[in-house]
Amino acid sequence: LASWRAISRDPDATLKSHARVGGNRYAIAQKALVATQVAVALVLIAGAALVSRSLHDLSARDLGFHPEAVLQMRILAQTPSHEPSDHTAYHRSLADALMRVSGVQSASYAMPEPFLGVSNRTAVAVRGGAVTTDADVSIVGPDFFRTMGMTLLAGRDFAWTDDEHAPHVVVVSESFARDLFGGGDDAIGQVLDVPDLPFGKGARIIGIVNSASLADLHSRAPRAVYVAAMQTSWYDFTIEVRTAGDPAAVEHAAETAVGSLGFHYVYSARPLATWKNYALRNERLVSALATFFAGLTLLLAAVGLYAQLSYAVALRQSEIGVRMAVGAEKRDILFMVLRDAGGVVLAGILVGVPAAILAARVVSNLLFGLTPYDPLTLALSAVALTAVAFVAAIVPARRASRVDPVVALRVG
């Protein structure tokens, strides 16, 4: 009877029952903890990857202008109570003084300054029609578009004769002309009203330039209206200077040229490209923090998986000995341990993917050209996590495959 009962038992059930002896509940809790670590690691890896990819795309994208080789200078009046009597003549003399500096190719004025992060978006109406829209309004001087590396697509640029005594004129972006007038040259000659600017009322469109993201790097082809700076009475513009080489090489000479007219002085000067890096400071900070914590959590998940498998191998040493004694190959034991690890990792990924999508919405305002549920990013994050988990699992798996069945059975 005893012999019959022994040979009638299911060997697999007996082995599983043996594996559950002592500490099985603790092993389950360990697996749950490691799966949670894997899920958290996936959330952080996916978030870091999204922000990093977005940062790369923002840094490499075509902004519609070329900040390289441009020096930006912020100026203030030395004696605010003694403004030059001729606004246009002063600014033209200042531009001419800068053009005489060796290495300077062009110079102009702007307000607000590029990369400031402030979009002067305001309502713009087409006179004679019911069309009203919003647009980024900038006040720029003659030769601004050439200085910024932009392209005049139709019409003409501002001239020094477009002063406070001349009819009001504006230049619009290609996106503005396309959205309101269907593109082409149809926008030339149209009259706009910019209610928030007294010198922007009844302004005739004289030119169309390519769309450029001057204020917000995240914006794609924003509608823009450029107002002639010489038709204002303002003096506190920023000066943009395009150079033939390194902008820093002409900085001192350019500052001297500004001060030589006796009204303005330069209180801040730096290459415009450095302002681009500054404009991306939030994205860089979030990317660095997310990458750090993702790496830390990935390390903890790998250590946790290694510890859990090592414990499981020690707990199942007798079972492994029995399996090998009845004919199991080393590769069978190796596959068994890796299969257990794969189950834990898969459980963590299944929980981590929806959690990563939800968590990515927190940084969605920092993403450019990507969605929180970008499939490529999620897939690459899962693959990277699986690869690290495999490396963490292979050591205890190989150790299990090398168990001596005689020793294991004796210990068991």
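Modeller: Asp143 is partly exposed, because its relative accessible area is 22% and that class lies between buried (under 20%) and exposed (over 50%), as found with a 1.4 Å probe and protein chains only. This is a predicted model, in which local features need pLDDT of at least 70 and side-chain atom pairs count only at pLDDT 80 or more, while totals for chains, interfaces and linings use all residues. Residues are numbered from 1 along each chain as its sequence is written, and side-chain values use heavy atoms, with hydrogens and water left out.

Asp143 sits in the loop between β4 (132-140) and α5 (144-147); helices (H or I, at least four residues) and strands (E, at least two) are DSSP runs, numbered from the N terminus. The backbone of Asp143 has a phi near 70°, a positive value in a residue other than glycine. Why is this worth noting? Most residues other than glycine have a negative phi, and most peptide bonds are trans.

The side chain of Asp143 forms a salt bridge with Arg146, the closest N and O atoms being 2.9 Å apart. The term denotes a side-chain nitrogen of Lys or Arg within 4 Å of a carboxyl oxygen of Asp or Glu. Arg146 counts as partly exposed because its relative accessibility is 47%.

Ala69 belongs to the loop between α3 and β1 and is partly exposed because its relative accessible area is 23%. In the loop between α3 (24-60) and β1 (70-77) lies Glu68 as well, partly exposed because its relative accessibility is 46%. From C-alpha to C-alpha, Glu68 is 9.2 Å from Thr274 in space, although 206 residues separate the two in sequence. Elsewhere, the peptide bond that joins Met111 and Pro112 is cis, with an omega of about -5°. Pro112 is part of the loop between β2 (104-111) and β3 (121-126).

Another salt bridge is formed by Asp179 and Arg223, whose closest N and O atoms are 3.4 Å apart. Here too distant parts of the chain are linked: Asp179 belongs to helix α6 (residues 174-181) and Arg223 to the loop between β8 (201-209) and β9 (224-228), 44 residues apart. Salt bridges that share partners join Arg121, Asp134, Asp136, Arg178, Asp179 and Arg223 into one network.

The wider setting follows. The protein has 13 helices and eleven strands, and 47% of its 412 residues are buried. Among contacts (heavy atoms within 4.5 Å) with a separation of 6 or more, 83% are between residues 24 or more positions apart.

Which residues touch the most other members of the largest nonpolar core? In this core of 49 residues they are Met73, Leu98, Val172, Phe176, Leu192, Val225 and Ile239. Helix α4 (residues 87-99) gives the most to the core, with five residues. A second, separate core has 28 residues, including Val38, Met336, Ile349 and Leu385. Such a core is a set of buried Ala, Val, Leu, Ile, Met, Phe, Trp, Tyr and Cys residues joined through side-chain atoms within 4.5 Å. In soluble globular proteins, nonpolar side chains tend to be buried together.

The protein exposes about 19900 Å², of which carbon and sulfur atoms supply 59%; accessible areas come from the Shrake-Rupley method with a 1.4 Å probe, and for residues only the protein chains shown count as cover. A nonpolar surface patch of about 780 Å² is made by Leu285, Leu289, Phe292, Phe293, Leu296, Leu299, Leu300 and Val303. Patches are made of residues with over 30% relative accessible area and no salt bridge, like charges being joined within 9 Å and nonpolar side chains (Val, Leu, Ile, Met, Phe, Trp, Tyr) within 5 Å. Phe292 lies in helix α9 (residues 281-315) and counts as exposed because its relative accessibility is 52%.
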